[in-house]
Each structure stands twice: as C-alpha cells, then as structure tokens.
Amino acid sequence: MSDTTHHGPPTGIRRWLFTTNHKDIGTLYLVFSLVMLFVGGAMAMIIRLELFQPGLQFVNPEFFNQMTTLHALVMVFGMIMPAFAGFANWMVPLMIGAPDMALPRLNNFSFWILPFAALMLVSTLFMPGGGPASGWTLYPPLVLQTGDAFPFVIFSVHLLGISSILAAINIIVTIMNMRTPDMPLLKMPLFVWTWLITAYLLILVMPVLAGAVTMLFTDQFFGTSFFQAAGGGDPVLFQHIFWFFGHPEVYIIILPSFGIISQIIPTFSRKPLFGHDSMVYATASIAFLSCIVWAHHMFTVGMPLAGQLYFMLSTMLIAIPTGVKIFNWTATMWRGSLSFETPMLFAIAFLFLFTFGGFSGVMMALTPADIQYHDSYFIVAHFHYVLVPGAMFAAIAGVYYWLPKWTGHMYDERLGKIHFWLSAISVNLTFFPQHFVGLAGMPRRIPDYALQFADLNAFMSIGGFLFGLSQLLFLWGVVRCMRGIGDKATDRVWEGAQGLEWEVPSPAPYHTFDTPPVVK
Amino acid sequence: MIPRHARAIALSLLPVISLPAGAAPSGWRQLNLPVGVTSISRDAYDLHMLAIYVCILIGIAVFGAMIYAMINFRKSKGAVADRTLTHSTKAEVIWTAIPAFILIFLAWQTVPALIHIEDTRDSDMTIRITGYQWKWHYEYMGEGVSFYSALGERSNTARQRNAALRPAEVDHYLLEVDEVLVLPVGAKIRYLISANDVIHAWWVPELGIKRDAIPGFINEGWFRIDQPGTYRGQCAELCGKDHGFMPIVVEALPPEEFAAWLAARRPAAQAALASSQP
Ligand SMILES: [Cu+2]
C-alpha cells in the first residue's frame, strides 16, 4: 500500500476551498456540522431559558416561534445530515477500498453549497419581520405570513436539498463502481449499506420537498392556489407532500446511525455483527416502509376512516424490521468479550434510548391514542429521543470511534467518559419529563404554559443547560486530537476492529488505496 | 369501543389501572393522559395504558437481555468472544414473529375504537367551531346563539413581558377564557370545525378530542360528555405568535340547566333583556 504524497495538498485556505480529496471534504462536513451543533444548540438554550418559568421573561412569542423553527431546520439540515455526509466522505472510500469518491469535484461543490445555505437561513433572523416562525414543517397558510424572510427560507431549503442530492448521487456512484474487486455487495460493511440505501431515499424525497416549497413560493408570489382554499387549493395537500418527504427524512437521519452502531458494537464485542444479511434486508424494508406511512403525522386533519386505518397499520409494520435490528445488536454482544470505551458507551446508550424512543413510536401508531398525543410534548419527547440519544449519540460515537484514524491521536478516554456520563444523564433529565407534561396536556411550540407544568419545565430546562454545557467537553476533546495532543494511535486503533479502514496507517494518509486492497 | 375482553386483558396485566380513578395518587394522574369524560377519551386512555404495559413487558425482555450481556460478557471478567455466533435462523424467525403477533394484537384492539370515533350518526345537536388568530368562535347551529371565546383578561395581563400581575396569581393561568363553551351532559354533540385564517386545532384532553381547524374545509366529529364539570384545553396546531394563548374552556351542564342557559342566550331573550333594562 502506498502512502505517497506525491502531489500533497496546497496549504492555507486554498486547500479547503478547492479540495477534491474525500478526507478533506469529510473533515469540512464534520467541522461544519460541529459549528451548526452549537448554533442550533444556542437556539435550544434560548427556548429552554424562556420555558424555565411560566410567564414571558426573555423573548417575545414571535421570536420564540422563530427559535423553534430554526432550531429544527439547523439541527436537521445543518447539523445531523452534514455530519453523516462527513462520515460517508471519510469512511465509505476507506471501507470499500476506493482511492476517493467517484465524483470529486461534485463532492467539493455539494459541500460548499452548505455554508452559504446555512448562512442565508440564519440571516433571516435579521430581516424585517424576522425569520420563519411556522415550525420546520412550514405549513401553509401560516408560513405565508412570514415577512421578508420568506423567499430566502425557500431558497435556502432548495440549496440544502441540492447539496444533499449531489452528495447522495456521489455516494451511490462511489459504492456501485469503486469497490475493491473482491467485495461483492453483501460483503460491504453495514455502514456502507445503510448509506447506500439512505442515498436512494435522499434522491427519492428531496426533490419532493423542493417541489413543495416551490409551490409555496408560487402561491405567495405568482398567484397560484395550490394550498389556498379560496383559489380551489387545499392546505392539507401541503402536509401530504411535506410528510412524503418528511417521514423518509427521519430514516435518512437514522439509517446512517444504524450503520455506525453496526460498526461499533462488533468492534467492542470482539465478534462479527450478528445476522449481517438480515440487517441489510431490515434496513431496506425500513426504507421502503418509510415511504408509505407519511400520513401518520396527520391523524387529526380529518382523513377518511380507510386512510387512517391504512396509515395506522402500515406504520405499525415498521416496528418489525426495527426490532430485528435491536435484537441483532443485542445478539452481537451475546457471548462476546465486551469492553466499554467511549464509542461503545455511546453506542449502548443509543441502543437503550433509541429503543425507548421506538416504544413511544409504537404507541403513537395507535390512532385513537395518537389523537391525544399529537402536537403535544409527548411527540417532542419521542422525536428528541430518537434524534438526540438516537441519531446524535450515534454520530458522537462515530466521532470517538474514528477520530484516532482521522487525526492519528487517541482522544482522552477520561474526558470522553465524563462527556458520556454527563450527556447520557442530562439528555434524560431534559427529555424524559416531556412525556409527562405532554400527556398532561401541554401543547408543543408554546412560549408559555399553565402553572401545573411549571415544576417539570424548570427541571427540563436545567437538564437542557447541563446537556448543552456537556457538549463543550466534546468540542474540547475533538480539538485536542485535531491539534495533535494525545497518544499516538495504532493503525488498528481498537483491538477488535475489523475492516479495510483499519489496514491503513493512522492518521490515514492523504491518498489511500492507489491499488485495490485485498479483503481478508 | 374497545372489546370487553381487551379491557379485561389490560386490567389483568397490572392491577394499577383497576383502582378506582379516585384511588390513584393525584400526582401521578396529573402526569398521565386523563381518563376523561367521553367514551372516546376512555378508549384513548385504555389503548394508551395497554400500549404502555406491552412496552414495559417488551422492555423488560429486551433491556434485560442487553444488561445481562453487558454484565456477563465483559472482557474484564475474562469473557472470550464466541466468534461463531453470527447467525441463527431460528432466533431470527422468533424475533420477527413475536413482534408481529404483538402488533396484530394491538391493531385488533385499536380498530374498533377508531371506527367508533368516526361514527357521527344520530347526533342530538350540532355546534360549529371556528378558529381565528387568536380566539375561537362557537355557534349553536339552528339556535341563533354564537359568540367568540378568547383568553381571559387576567391571564392576558399576566402573560405580557414585565407584567405587574404574576402568572401564579391567576387562577387557571392561560387556561381561562372570557366566555366558556357551555354544553349539555349526555347528548351526542356533533361538531363542525373550520378556521378563518390559518390552521388551528381544537384540543380538550378530557374530551379526547383533537381536531384540526382548516381554513376553507370543514371537519366533523362528535363526543358525548358523561359528567358535569369544567374541561380545559388549548389550541394544538401552531397558528402564529399567540398560538399559546387561545385556550378552550368547556362547561358541561345537566340537560335542564343547559336548556335554561341556551334559552337565555337566544336572540329573543337577549332582546327582551335589553328592553327591560333601559
Ligand atoms: Cu390556534
């Protein structure tokens, strides 16, 4: 294997602006994602600050609604999706023995769209009328009441969508064409598999979102009435189109998480993944089902009985392949030789808390009960459980797992463990009580609440602040490694690590796999 | 309606819910779905509790297995990995089939309740609910009685930034209105719901009703209140800056008292009242 740097990277800003190297672009994605984590996190802190006590102390309701809207958009499109795109850029070529992504210039382009789109999105806060305040779901007619920010919001959603589609195309082409010759599809590591399926989902649904927001745009500026009853349109049509994108979007976020967890648990169990092929089939089934269940987000809009029955029953089916995954991970640990380094700790927290979020998901599939849960804090609790200790913990686990490979330095294990325990405890302090205030009748997206919710809200806010502060430890741990502080990492890094990415030196040289490697 | 035997199963799962409602600790009841005062809310509650117990049972099994593995297969305790344990068709069939049966059971419990919700036939009276930014409008169809219902004045004062009145000093802060929706106990009340500007949602947890109010479209539903009382709720669909400040208060009266109230609100009675008080 060659670790030559015969045309090493240019230095300074030009290296990053013009790079076509998958490792550089992966780093760009991950750093961008980390920045957005703190931008979106700051918004969450403002939300929790205002909700600390009943009454309005810090912000106006208008601004509160802008915070909930942008917190969601920033976290979904700016933080978690780019994080997984960063993992894909770094790890897919290394895992399949490819020298780089198949379309390197496109790769550069799809990253560099992102900062501009995000900047435009956040800048809407400073426009007359403020930022979007309709919730990230952008439901009309409310979203049409947005001020000057409206076209900028639409345009930034378009840009974010284009970036995702281009990245998805690149990932599919890379996986399909650049695998080392002795790696058939079913021999691919599960992270690669989950990303392949995710990329197809992205190509399927991002254009649908683009279409939906374009229809909002023409409704607002060109006199169409797609979503306006006065002109013969239907506001609920938007919800159908949005959730046709929105439900698969949930799995676009969670499938790469499944992939990362499926790499980490075998490593620290010192045992191959249990049921590799059934994991692949389960992932594909989840992806398929995710496209046919969208209206379970809309059980209160007044659908016909047959529609409600269909969406209820099809939604319940998702529990089966998801269950298969949970059981396979558990079986991977069974009769293993487990050790609990930081990546494994986060992976196990994922296992417990994602499953927990899945339970409330099954409850919500039951339409008559969901009518009570819908748009309450119970829903907020559910999706934060699957997205924070779910997707985000998986991303954090992945960072700790591959950081030594990326930087050549081990993170500080003690710091990592402190970060883990603080995060795992505070995430539950923040989100667990939300189930109860929701059941007791607290609607979501309100800046102020009735007095019976006061104690738990104060409690949740303290949990939220603690969780926010804990992430500074993560930042510190990552920066330490990036600056070359910490023990030198070995090539294999982890005793039980298997796969091509561990065959190359740590840090991975600028160019890897000039010749196709042999899969052992 | 959920079949009787299903209730029996749910009741036998854990004794807690078989306690009379009053015997449950009130702190816990405030942190759970209300049982409510309509058949729809009770169905929702029963399904909710059934789902919780099913989840607890599955959770004990799944989390138990995970914890067992974490305790017993630690490298620090000298566990050696069994690298051959990578596949078991038997296990995989079992853990696909068992969840499938559980889901079929849950679906079988749920479908009748869902059909019940949608059965709006044979109603005794109809009210029309319209959402506005940011208040509700109620109309008693065919009675000539209608009015707006907005956030009560004391709540509205206390909710302002730097208000002199503190939220803690207001009874039912944010859950009180200037005019309550008065309804009879025992009648099958059909509601038609729409909105004037953006989408709202009319949610009263104790009635088990949450239905979107959509401009340009009319949604339909029903409920039958079993007990007199005051039931409070809120708009549930984000509808702009004062979304958090358009509560709902329903006062359920015995039929005779309701009839008297309605008669007093009819236009003729209001006119007579006005002319008798020069
Ligand atoms: Cu409203």
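User: Where do I start with the contact between the two domains of chain B, and how many residues of domain 1 of chain B are in contact with domain 2 of chain B?

Analyst: Start by counting residues on each side. In this predicted model, 11 residues of domain 1 of chain B touch 14 residues of domain 2 of chain B.

User: What area is buried between domain 1 of chain B and domain 2 of chain B?

Analyst: The size of an interface is often given as the accessible area lost when the parts come together. Here that comes to about 920 Å², with carbon and sulfur atoms giving 52% of it. On the domain 1 side, B:Val37, B:Thr38 and B:Ile40 supply 56% of the area buried against domain 2 of chain B, more than any other three residues.

User: Which helices of chain B supply the side of domain 1 that touches domain 2?

Analyst: Helix H3 (39-72) and helix H4 (89-117) of chain B each supply at least two residues of that side. The largest share, 4 residues, comes from H3(B). By residue type, the domain 1 side that touches domain 2 of chain B divides into 3 nonpolar, 5 polar and 3 charged.

How values were computed
Residues are numbered from 1 along each chain as its sequence is written. Chains are lettered from A and ligands numbered from 1 in the order in which they are written. This is a predicted model: local features need pLDDT of at least 70, side-chain atom pairs count only at pLDDT 80 or more; totals for chains, interfaces and linings use all residues. Side-chain values use heavy atoms; hydrogens and water are left out. Contact means heavy atoms within 4.5 Å. Buried area is the accessible area (1.4 Å probe) that two parts lose on being put together, summed over both. Ala, Val, Leu, Ile, Met, Phe, Trp, Tyr, Cys and Pro count as nonpolar, Asp, Glu, Lys and Arg as charged, and the others, Gly among them, as polar.
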